[in-house]
Amino acid sequence: MISSPVLDPTRLAKLREALLAASYTADGCLDLLGPAGYSALARSEAVPALRATRGGSPLETLVRLFLLQQPVPYKAAAAALPVEDCLADGWLRPDGELVRATVDVRPYANEVAGLPGSDAWVVSDLGCAVGGAGGIGSGETAHGVARKDLVLGVGGASTTLANITVRRPVRSVLDLGSGSGVQALHAARHAQRVTATDLNARALRFTELTLALSGFDNTETAAGSLFEPVGDRRFDLIVSNPPFVISPAGRFTYRDGGMAGDDLCRGLVRSAAAHLEPGGYCQLLANWQHVKGEDWHDRLAGWVAGTGLDAWIVQREVQDVAQYAELWLRDGGDHRGPGGDYLARYGEWLDAFEAGRVEGVGFGWITLRASGAERPTVRVEEWPHPVEQPLGPHIEEWFDRQDFLRAHDDAGLLAARYVLADEVVQEQVGAPGAEDPEHVILRHNRGMRRATKVDTVGAGFVGVCDGTLSAGEIVDAIAQLLGEDRVVLRDRVPESLRLLTEQGFIRPVV
């Protein structure tokens, strides 16, 4: 197997200075390639980027080397970076009078809510930065690396997890299944110490390269499966983009958990409580089975039952078993191999699903919190609609609202004061020309971007809740205006208050 580049702090600092001097950053590449070329590159289409990098400048040379994996003349490479150091340390390899990259070094805008942006770079195996490993062809090796040990770079899943993660200053973060170190890179900006673990020792070296090249020294790595490498340690935040693919065989370390069905994700959820500090969060991406005769909501709630954790589980999409098998067979490059092998492997997937009575596979986010509540809140829902990104701040607010709702009975809700959340609009729906609308819709343009139907009382309430009066005082005024019994209305309104608060349309004034 081809080894990863050498981690030499002094020479890595020189390499980082060269990358910055050439503007080999996310913004610099966007300026060079333009929006169309940059977007095409994200789809693994290189032609626009090749056309935009024909001038031979240091930035163009670096884009060709590390993003497009094209050979460049030695002299051009020497003008862009410390080429002899890079050859000696294994970042580059000679090819006659040319040099080639041995790894993908991708500029990354390391952004964290509340902090200014930071230039960073993610190091991964060639051909694995966008869209998984499906573009590297079939076979047991790729670019001299065993396919099972490939280390992926930035992809849709890693970006999704980074965007939904709760960001706040913390002492300790665990990146479980770190891969190339994308999550650890984000965490290093708001944590005193980051621990990154992975079953694949090669992945841990790439994590170390990513963090060191990006200028961080507050991380440590540990090899092993799931929580095994950290013993009984606890963390303020656990993030994981685990090998969640539900496959009949653990062929690829980066994606296949090697356990039956969705047991890996279930086990991660069940074990999280023992590794969270009070108030700590665990956030992960997961796949789960839709089993014939079982309600998937109940099945997922069962994963959390008895852990003592609050949970918000959001299913973003569902695929039938054929779609799911085809997706991951393509990811593994099986569609490029002999037709008989593809058919046989496709059959293995369908056989495994049939044996488990699996009808589909869901994908989504799981956020857990160690609130210490006697009656934890567990919300399992399907939400395939667009959401605001980054969503992390809104997820944190959702859990904060659960604390408020738990602490207030109906009388407490009526005694509290509320304000309308930002960017909530009201829509009235009805027949053209009708005197009154058939119903009123509140639509939130932030966070989950929810919409909910409210009655006349609800519409009137949100229209005047500015934090001045308590909910009960507003309800009394509405009752008098409508000529309704204030006691009856007070009994009815708390249910709506809970819904509007839980979904973020109104915020309690604390």
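This report walks through the cores, the aromatic pairs and the cysteines of a predicted model.

**The nonpolar cores**

Let's start inside. The largest nonpolar core has 74 residues, and within this core Ile366 and Leu368 touch the most other members. Strand β12, which covers residues 276–291, supplies the largest share of this core with seven residues. A second core is separate and has 37 residues, among them Leu67, Ala80, Val83 and Leu92.

Leaving out residues up to four places away in sequence, Ile366 touches Val269, Cys282, Gln283, Leu284, Ala286, Trp288, Trp303, Trp312 and Ile313.

**An annotated stretch**

Next, a piece of the chain with a label. An unreviewed UniProt entry annotates residues 21–102 as "domain: DUF7059". Over residues 21–102, 59% of the chain is helix and 12% is strand, while the end C-alpha atoms sit 22 Å apart.

**Aromatic rings**

Searching the whole structure turns up twelve aromatic pairs. Here are two of them.

| Pair | Centre to centre | Angle between planes | Type |
|---|---|---|---|
| Tyr324 and Trp328 | 6.4 Å | 65 degrees | edge-to-face |
| Trp398 and Phe399 | 4.8 Å | 80 degrees | edge-to-face |

Why does the pair of Tyr324 and Trp328 count as edge-to-face? The planes of Tyr324 and Trp328 are at 65 degrees, and the edge-to-face label applies to angles over 60. These two residues belong to helix α12 (residues 321–331), and because they are four residues apart there, about one helical turn separates them. Tyr324 has a relative accessibility of 2%, so Tyr324 counts as buried. Trp328 is buried too, with a relative accessible area of 15%; the limit is under 20%.

In the other pair, Trp398 and Phe399 are both buried. They also belong to one aromatic cluster with Tyr281 and Trp312.

One more ring deserves a look: Arg450 lies over the face of Trp383, 5.0 Å from the ring centre.

**Cysteines**

How many disulfides does the structure hold? The count is zero. For Cys265, the nearest cysteine sulfur belongs to Cys282 and is 11 Å away. A disulfide needs the two sulfur atoms within 2.5 Å, so Cys265 is in no disulfide. Cys265 is buried, with a relative accessible area of 2%. Cys465 counts as buried as well, at 5% relative accessibility.

Definitions and conventions
Residues are numbered from 1 along each chain as its sequence is written. This is a predicted model: local features need pLDDT of at least 70, side-chain atom pairs count only at pLDDT 80 or more; totals for chains, interfaces and linings use all residues. Side-chain values use heavy atoms; hydrogens and water are left out. A nonpolar core is a set of buried Ala, Val, Leu, Ile, Met, Phe, Trp, Tyr and Cys residues joined through side-chain atoms within 4.5 Å. Buried means under 20% relative accessible area, exposed over 50%, partly exposed in between (1.4 Å probe, protein chains only). Contact means heavy atoms within 4.5 Å. UniProt positions are given in the numbering used here, feature names are shortened, and annotations may be inferred rather than shown by experiment. Rings of Phe, Tyr and Trp (its six-membered ring) pair if their centres lie within 6.5 Å; planes under 30 degrees apart count as stacked, over 60 as edge-to-face and the rest as tilted. A charge sits over a ring if NZ of Lys or CZ of Arg is within 6 Å of the ring centre and within 35 degrees of the ring normal.
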